[in-house]
Structure formats: structure tokens, C-alpha cells
Amino acid sequence: MSAEVLLAGGYAFVLVLAGTAFERMASHAERDAFDSEPSGLRAGRRTPRSARDDPSFAHLHAARFHRGLALILCVCAVYILVIVAARHPAPAPLAVLAGAALLPGWLAFRIVPRLFGKGVSREHAPRPGR
Amino acid sequence: MTQPSNPRLLISRGWLQATVLVFLFGFFVLGLLAYRVNVAQPPVPERVETPSKRVVFTGDDVMAGQKVFLSRGLMQYGSIFGHGGYLGPDYTADYLRRAAEFVKAEYAREQRSDAGEQTAREFKTNLYDPETRTLTYTEKQAAAFDTLRSYYGAYFSDSTSQKGLKPSAITDPDDHHGLTAFFAWSAWAGSALRPGKDYSYTNNWPPEPRVGNEPTGAMVTWSVLSLVALLGGIGVLLAAFGRWNWLGWHGSEERAVLFRRPGEVALTPGQRATAWFFFVMAALFVAQALLGGSSQHYRAEISDFFGFDLAQLVPFNVARTWHVQLAIFWVATSFLAAGIFIAPMVARREPRGQAGLAYALLGALFVVVAGSLFGELAGVHGWILNDWFGHQGFEYLDLGRFWQVLLTIGLVFWVILVFRVLRTRLRTEAVGNMPWLFFFSALALPAFYAVGLVAHQEMTFTATEFWRFWVVHLWVEDFLELFTTVMVAYIFVLLGVVREKVALAVVYLDIVLYSVGGVIGTMHHLYFSGAPVEHMALGAFFSAAEVIPLTFLTLEAWTFLRIGTAQQQRAATPFPHLWAVMFLVSVGFWNFVGAGIFGFLINLPIVSYYEIGTALTANHAHAAMMGVYGMLAVGLALFALRYLMPDDKWSDRAAKISFWSLNIGLAWMVFATLFPLGILQLYESVSKGYFEARQLQFLTGRTVSLLEWLRLPGDIIFIVGGTLPVLWLTWRGVRHRVPLTTEEPQGYFFTEGSGVETDRP
């Protein structure tokens, strides 16, 4: 097995780990925004910490920012794996690379709906400046 | 209009005293280290001769070679002591390896069974006599020099562009002799034992077992201690601030603000002039990014730029020189413009003639940029070899001294512009309040940029590196950071979302933390450049502490932002700065990742020993410089542009595309290429040798070439989607500037009611 194939697989794993960390940061920022939401907006869920912490568009946009970067890492990982697969089209390397691609695929599958779906990020975005 | 006044300091005097104390301590230590580097640097021998008294080369040859190396832009191609460009080899390591191999082969030819040991012994033995200022080379070392002079002669005379240099770059045999002497001197400093010590002048750098160069005890010890400083420092600081809330901003901000809509905020003539600054900034940014793409292409495909031999016209060292110089120019242009834009908001007035003076400054800036870039091109091509008008050659301080002096004068002129606006406000404010900090932080920019003038081509390379990093590190990482912190804090104050007292505490904290780590931490660039070992010890220990404020201020900046945006939510009018704030969010991210993680990654002396001058350095440089200062410069431009053009001419869509493209492009550049390439290069350096890791054979290898190509999509996104929308927006700012208001400037403020409300203690 070529070292390049193993390195690509290993690096894809590292990118997924970093992407997972970014996604957790995004979730954390989003949770902060939820926690600080006025109670009227989400009765039955968490209790707001205080009135001063109104829903913060910065939290929601920062969440999108970190989530977007997490998705970019997934794309990067798949991109690297595909390019390396094109250079090593034998069955064994392809099997290894396909296996490695499952991880970024799984993370992207989790991220995409949250990033592009009709989530809170859009509902609570601030009114545009114009 | 009521002039605000705060004759008393808004926060405890303890902050001011701590700041002054830490600042003075840092510069006192730096002064001592300047003295030490002066007396303990590797000497340049008056002559180098063999035991039979044949002169191999002289000190004049070394200095002449250094001048050729700098004036022909070779520091932007390869490196000395690991400092410089990364396409060419490190000439210290290159000479040392080739000379050692030559000497060892000579011993082997004599059937010596201990050829390797004898070679190492020969290179380690320091035969410099300080009385006669003569260095004695063994006959074999002298023969190696003669052989390598021919080798480097052929190397620089190469009539092709296969190395990324212009064809027949340097053909004069005297220049070849000088360059070889310069390389030989650096290799001697890298291998010969420092008098009374068991390591070389460069702390045994480069790693080269053939001459007995291995990591030193101090290197490992201070690496460990710097880790302790980092972890302990973060723990103590977080515990202390979490426990006592010194900054006082974890309380609530109860005021409600009413944001003025863009178009309702009256602008002064000086502020309107900044539209052109931002346009020039964006144009320089586009040019800088394109040049970055072209210098990157050399690494992917060295002698073919999509069918065109670019090195005939813009060799690698020209592209890289322009790339790094323009990085400073475009960011500085944005900061200068932001200073001119903010000052009238602070002072609530603007004297007559400010716009004319601002345009004069912009014109002077244009002359400096054009003149210095041409001088650098002329230096590399050999048309101008004068360090005043040609290529001065120091990486990041490449501009000729004439242009360097003009730029310093321009920065002083800019401080005068800011001062004449602030003058009346300063009279009524206690020294130490925000208006004074704004002025002092502006004043620090020309003052510390001017320190770069101390470095000149007639000094030894060790001494020039010491002074160069006062600009590259201290100016950029401390004083630009300070100025931007003051400006961003002030913008939040002017927007009415954070009280002046809170902002003031943040700024003082910033100064204290950065002065503790950043000032002495400058020495982390000088582990292996010939400075004595205390530079490595203090540099490693204090620069580890630099990561603490990066971590801490990122967290506190988040709180800052949270309080600010909570205010915005209460505002009765829309907040107009979504994308400027988002750029600030990305600054926080890249500050932590690029400067903090990637910076600390290469900060430990033991890591730097194998890594310096590889893609991991470039990885840190790009993530930190573009990620922090670049994003901030664009954010400041968007903030000002929002007011410079009518509301209906503004495009949130363009700002959004630029924001995402710049961040995606930068992340792609870092994670698809620079970081993995740096790791591979580090592995090559440790497992095979630093010499091997810096050779073109490695850089053009199959896997490395693939990694270099991988960043192409990210670079396209960065250039097309990231820089062009900024250029378009700034052009609209010039084309559709809001009309000049001649009435009493009631609307000089971004908010109504509490825009520039000040606190009393």
C-alpha cells in the first residue's frame, strides 16, 4: 500500500476531528443563543439566563461561521481522498480511501441540514441593515 | 457642540501603573539583549587563511557577499540561518552539508577509518583568533571552499529558470566569491563552538550530524519550560479573571441605543477622503493576492506558468518580495484610513484642510509603493544595486532605505493628521483615557517602524536580524495589535454598545498581556541566528506567554461581542454592521488558530530547530497575517464604507460573498496544503535531514507537488470571490460618496442618545 494513500486517509481523519471541534463550537454558540432567548420565543424549552442576554445574532452568525468552516474541512478531506484515489486506482487503495471518506461524509451529512436548512440561524437573524 | 471631557482617569490608576511598569521592564530587557547580541554575535574574521597562510577569503568578501545576497533579493528565494524564502535552499545548511561531505570524502580517500569523526571534529574546532581577527581553515576546508565557489558560480549563472530565479541571475565571478564567502561564514558560525561553550554560535543550528550539530541541552530545557509557562499561565489567568471579574464587563449594559442609518451620519471632508484610501487598499489587496498565487505556482510548477516562463519577467524572488511588501502596504493603508475616519468621531470636530492633507498622504503612499516595488524589481534584475533605491533585501523590509525613510515620514505625517483632529479633546482628557490611548497607539506606529532603519546592509547578518524583528514581530504583533485593539474598542464605544470605562480596561489588559509576552517574546525569532543562548531562553519562555493573551483575549472578545450585540438587539433601528462584525468574529477565530495554535506549534526551540524555514512557518504566517490583520483590515474598510456610500448603494451580498470566500480560501490554503506539507517537511527534516527537507528535489517530489496543486481551488475562491467584491465595494464607495454636510455636525455619531457617552469614575 502506498504511503500516500495511508497519509491521505490519516489526514482526512485529522480534518474530521478538527471539523468536529468546529461543529461543537458552532453548537455551543447556538446553544448560548437559545439559552439567552426571551422566554416568549421558546416556551417549554430552556429558561433564559437573564433579560440582558437577548437572542444574539452574533452567536447565530458565529455558529454559521464555525459550521461553515467545519463543512469546508469535510470538503477538503473528500477532495484530497478523491485526488489520491485517482492516482492510485487499484482495488486495495480505493477500498482504504473509500473507507476514509465515510468519516467526512458522515460529518458533512450532520452539518449540511443545520447549515442550509431552515434552522434558528435564519429565523433569528437580525434585520438586514438596509 | 458639547465637548466631552474627562479630566480624571476613568479606571483605577493601578492599570496605568501596571502598564507603564510592564512596558518599561520589557524594553529594559530588550535593551540588555540588544547589548548582548552586539558583543556576543559571531565575529566576521578580517581574513580566513590556511595554515600555510594562503588567504581563502576576507571579511570584506563576506560583507560584499551579504550585500549581493540582499540586494539581488536572494533572501526572498532561500535563507540564511533559516530566515528568508522557502523555495531555494537554506544556504547555511547547504554550504555546511556540501563542505562536510567534501572534507569527509577527502579523509576517506586517505583511507582514514575515522573520516566521519575527524570531519565533525574539524568543523567543531573554533580556530578563530580574536587578537589577529584571523580564522584558520584547514587545507581541506579551504579546498571545499574553492570547490563550492565553483558550484555556487554555476548555480547562480544557470541560464535557465529551472530554479525559479531569473536566467543567468548572477554571473560576476566576484559576486560568486562573495556569496560563497558569506555562506561559508554562516556555516562556520553554525558549526564552530562558541568560545567556552559546547555548542556553536547558532546553538548548533542547522541540524547536521556530519559536523556534530545536535539539539543542545538548553534547547530541550527551554522547550519544556515554555510549555510549563503556557499551560500554567493560561490556568492562572483564566482562574484569576473568572474569579474576580477585573474588567467589570460581565455586568449588564442597560442602555438602549438608536443606530443612525448610514446616510444620516454626517461625514467630515477628511472622513470622505478615506474612500480613496480604501479603494487603494482593495487594489493593493487584489495585487497582493495575485502575486501570492504566482509565487505559489512556482512551488507547484517551477518553470512553467500555464505555458509561460514567468521567471523571465517576474522571478520567484520578485513575486515573493512584492507579495510580502504589499501585505504590509494594504493592511497599513486600511489602518491609516481607519485612523483618519475615527479621529473626528473621537474629537467631535475636524479642523479645516484635513481632506487635502489626507489626499497628500495617499499620494505619498502611492509614490512609496510604486517606487519601492520598482526598486525591488530593479535590484533582482541587477539594474539598481543601491540599497537606498533598489532592493534592501531584508524579508519584510525589502524596500530601499529611501522609501523606508519616506514611509516613516508618511506615518509621522499621519500621526500629525490624527493629532490635529484630537488636539482639543486631548486637552480636556486625563492622560490615560481613551483619546490619549488612541493617540499614543497611533504614535507608536511610526516610532517602532522607524527602528527598522537601524538594520542596514553593512551590519552583520546576526545584528540585522535582531533589528529586523523589531519591525516584523514587535511592530506587527504588538503595536499594530495595540492600535487595532484601541480602534475596535473605540468603534464599539462610538456605536454606544460598550461603555468607555469597560473598553479602557480591555485596552489596558491588552497592553499588559502583550507587553509581558510579546516584547521579550520577539526573541523567539532569534534562536539560531547567532544571538547568545539567553535570547533563546527568554524568547521561548516569554513568547509561550504570548499565547495566553491570544487565548484570553479571544474569550474576552467574545464577551465583548456578546454584550455589544445584546445592545444591538435592544436597538430600535437596524444594526448596519453585520459583516464588519463578522470579520471581527473571524479575526478571533484566526487569532486563536493561526497565531495561537499554529504559532505555538513552531515556537518551541526543539521544534523550531528542525522546522524553521519550512511550510509550517508559512502556515503560521498566512493564518495569522491574513487571518488576523487581513480580516481586520477588510472589516474596518466595510465599517467605514457603510457610512461613506448611500444606503442604497451598499451591497450586503458583496460583503457576504467576500467574507465567506476569504475565510474558505484561507482555510483551504492552510488545511489542504500548508499544514500537511509542513508536517511532511518536518518529518523529512527530522528523519533524513534539514538539508534534504529544503532541497528542490524534495519540494518538487510527487506527493509535495500534489499538495501544492491541491490549494488551487481555494486560491481561486480567495482571489475571485474574496478580493474582487471588496474592490467593487470600495469602488462604489469612491463613485457614490455621500454628499458633504456643511451644517453643524449633529450627526457625527453612529447612534443617537448615547453614541459617545462617557463615564465618570
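**A walk through chains A and B**

Hi everyone, let's start with one pair: B:His391 stands opposite B:Leu399 in strand S9 of chain B. A quick word on the model before I go on. It is predicted, and local features need pLDDT of at least 70, side-chain atom pairs count only at pLDDT 80 or more, and totals for chains, interfaces and linings use all residues. Residues are numbered from 1 along each chain as its sequence is written, while chains are lettered from A and ligands numbered from 1 in the order in which they are written.

Two strands pair if DSSP finds at least two bridges between them.

Back to our opening pair. Strand S8 (residues 391–394) of chain B pairs with S9 (residues 397–399) in the antiparallel sense, over two bridges. Together S8(B) and S9(B) make a hairpin with two residues between them, and B:Tyr396 in the turn has a positive phi of about 80°. Which way do the residues of S8(B) point? B:His391 and B:Gly393 go one way, B:Gln392 and B:Phe394 the other, and all are buried. Buried here means 20 or more other C-beta atoms within 10 Å of the residue's own; exposed means 12 or fewer, partly exposed is in between, and C-beta atoms are placed from the backbone.

Now to the sheet. Four strands of chain B form an open sheet in the order S2-S1-S6-S5, with mixed pairing. S2 (55–58) and S5 (128–129) of chain B are at the edges with a single partner strand each, so each has one side without a neighbour in the sheet. Inside that order, S1 (residues 47–49) and S6 (residues 134–136) of chain B run parallel, joined by three bridges, and B:Val48 stands opposite B:Leu135 in S6(B). Helix H2 (residues 59–71) of chain B packs on the sheet, touching S1 and S2 of chain B, and its direction makes about 50° with that of S2(B). Those directions come from lines fitted to C-alpha atoms, for helices over the stretch in contact, with angles from 0 to 180 degrees between N-to-C directions. Contact means that two C-beta atoms, placed from the backbone, lie within 7 Å.

Helix H5 (residues 139–157) of chain B has 19 residues, which at 1.5 Å a residue should span 27 Å, and its end C-alpha atoms are 27 Å apart, which agrees. That expected span is 1.5 Å times one less than the number of residues. Its buried residues, which include B:Phe145, B:Leu148 and B:Tyr152, pack against S2, H3, H4 and H6 of chain B. Helix H16 (residues 578–601) of chain B bends by about 30° at B:Trp590; the bend is the angle between axes fitted to the seven residues ending there and the seven starting there. Because 22 of its 24 residues are buried, H16(B) is largely enclosed by the rest of the structure.

What about the largest nonpolar core? It holds 286 residues, and B:Met281, B:Tyr490, B:Ala503, B:Phe583 and B:Ala640 touch the most other members. Helix H13 (residues 461–494) of chain B gives the most to this core, with 24 residues. A core is a set of buried Ala, Val, Leu, Ile, Met, Phe, Trp, Tyr and Cys residues joined through C-beta atoms within 7 Å. Leaving aside neighbours within four places in sequence, the contacts of B:Ala503 include B:Met434, B:Tyr490 and B:Val498.

A few backbone details to look for. The peptide bond between B:Trp205 and B:Pro206 is cis, with omega about 5°, and B:Pro206 lies in the loop between helices H6 (173–191) and H7 (217–244) of chain B. Two residues other than glycine have positive phi: B:Phe81, near 55°, and B:Gln111, about 65°. Are they buried or exposed? B:Phe81 is buried because 27 other C-beta atoms lie within 10 Å, whereas B:Gln111, with 7, is exposed.

Finally, chain A. It has four helices and zero strands, and 41% of its 130 residues count as buried. Of its contacts with a separation of 6 or more, 78% are between residues 24 or more positions apart.
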